[in-house]
Amino acid sequence: MADSTPAQEALARRGLMFILSSPSGAGKTTISRMLLEADNEIRLSVSVTTRPPRPGEKDGVHYYFVDDAEFDRMVDEDDFYEWATVFGHRYGTPKGRIRAALKDGQDFLFDIDWQGTQQLYQKDQQDVVRVFILPPSIDELRRRLEARGQDEKQVIDARMERARAEISHWDAYDYVVINENVNACFAKVREILDAERMKRQRQTGLIPFVRELMS
Ligand SMILES: Nc1nc2c(ncn2[C@@H]2O[C@H](COP(=O)(O)OP(=O)(O)O)[C@@H](O)[C@H]2O)c(=O)[nH]1
Ligand SMILES: Nc1ncnc2c1ncn2[C@@H]1O[C@H](COP(=O)(O)OP(=O)(O)O)[C@@H](O)[C@H]1O
């Protein structure tokens, strides 16, 4: 930061772990993609999963797709921040380069479920921001799952069944946003991210800056 002004240095901060969770079909992938496109200071934490890729999903972009043996190996080697079983498949957040990048102020977006959210929060309460997205109604949730056209009726029924259990964890989140209109929901999520970035406790550069102002 050789050329930066004292005021710019005052804004130095640790990176955020910005978690977006929702019942399947409520729109977290849609909102995540909009956020990653609009904001070039946040990167996606790409999870590892044993679930098979859906059409159009790319290894290393949407997920790292691995088999059970490889997932077991990663668990044994303590490669995950957290992992959980969702819909019969395992999903985990790899430590990879995230830890060092967070220290350098890089923000990460996590599309993970409530189990992973709890685990991350237990590890790092200061830098975790938990956002839960709700559908405007149960009927609309089903319509969205059907319209997405990725799952058989049986899988949709199972997702709907699970949605109620997922919604029951809503109060373990810092923010709850209803995704009725996608642009309005996205705008709210962005406001949350912007405000959280400005939190005093997170801004490591503020203390020396304020001391200087007071000296
Ligand atoms: N705990 C945890 N959950 C994850 C992770 N990656 C994805 N998930 C969750 O797994 C669930 C299923 O994801 P996916 O198979 O992509 O289907 P989706 O229902 O369309 O999002 C979602 O609730 C994701 O948020 C991870 O690394 N850890
Ligand atoms: N506000 C919205 N209104 C109507 N359809 C939406 C809205 N948000 C998302 N969708 C659609 O609903 C489906 C499920 O959204 P998706 O982002 O895949 O959900 P999730 O990642 O939570 O499973 C997708 O087809 C998406 O285009």
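Is Thr 29 buried, exposed or partly exposed? In this predicted model, Thr 29 lies in helix 2 and has 15 other C-beta atoms within 10 Å, so that it counts as partly exposed. A residue would need 20 or more such neighbours to be called buried, and 12 or fewer to be called exposed.

Thr 29 also belongs to a stretch that the UniProt record, in an unreviewed entry, marks as "binding site", a feature placed at Ser 22, Pro 23, Ser 24, Gly 25, Ala 26, Gly 27, Lys 28 and Thr 29. Ser 22 is found in the loop that runs between strand 1 (17–21) and helix 2, and it is buried, because 27 other C-beta atoms lie within 10 Å. Leaving aside residues up to four places away in sequence, Ser 22 touches Gly 27 and Lys 28, and likewise Phe 132, Ile 133 and Leu 134.

Helix 2 (28–38) can be followed next by its two sides. Lys 28, Ile 31 and Ser 32 are buried in this helix, and because they cover an arc of only 100 degrees around the axis, they are on the same side of helix 2. An α-helix has 3.6 residues a turn, so residues three or four places apart point the same way. The buried residues of helix 2 pack against strand 1, strand 2 (42–44), strand 7 (107–111), strand 8 (128–134) and helix 8 (182–197), whereas Glu 37 and Ala 38, on the other side of helix 2, are exposed.

The annotated stretch leads on to the two ligands. Around ligand 2 there are 14 residues, of which the closest are Gly 27, Thr 29, Thr 30, Arg 144 and Val 182. Helix 2 and helix 6 (138–148) are the elements that give two or more residues to this shell, and by class the shell is made up of 3 nonpolar, 8 polar and 3 charged residues. Gly 27 and Thr 29, listed here among the closest residues, are also among the positions that the UniProt record marks as "binding site".

Ligand 1 is surrounded by 16 residues, and the closest of these are Ser 24, Ser 47, Tyr 91, Ile 112 and Gly 116. At least two residues of the shell come from each of strand 5 (80–86), strand 6 (89–94) and helix 5 (114–123), while the classes are represented by 4 nonpolar, 8 polar and 4 charged residues.

Methods:
Residues numbered from 1 in each chain as written. Chains lettered and ligands numbered in written order. Predicted model: local features only at pLDDT ≥ 70, side-chain atom pairs only at ≥ 80, totals over all residues. Near = placed C-beta within 6 Å. Helix = DSSP H or I, 4+ residues; strand = E, 2+ residues; numbered from the N terminus. Nonpolar A, V, L, I, M, F, W, Y, C, P; charged D, E, K, R; others polar. UniProt positions renumbered as here; feature names shortened; annotations may be inferred. Contact = placed C-beta atoms within 7 Å. Arc of directions from axis to C-beta.
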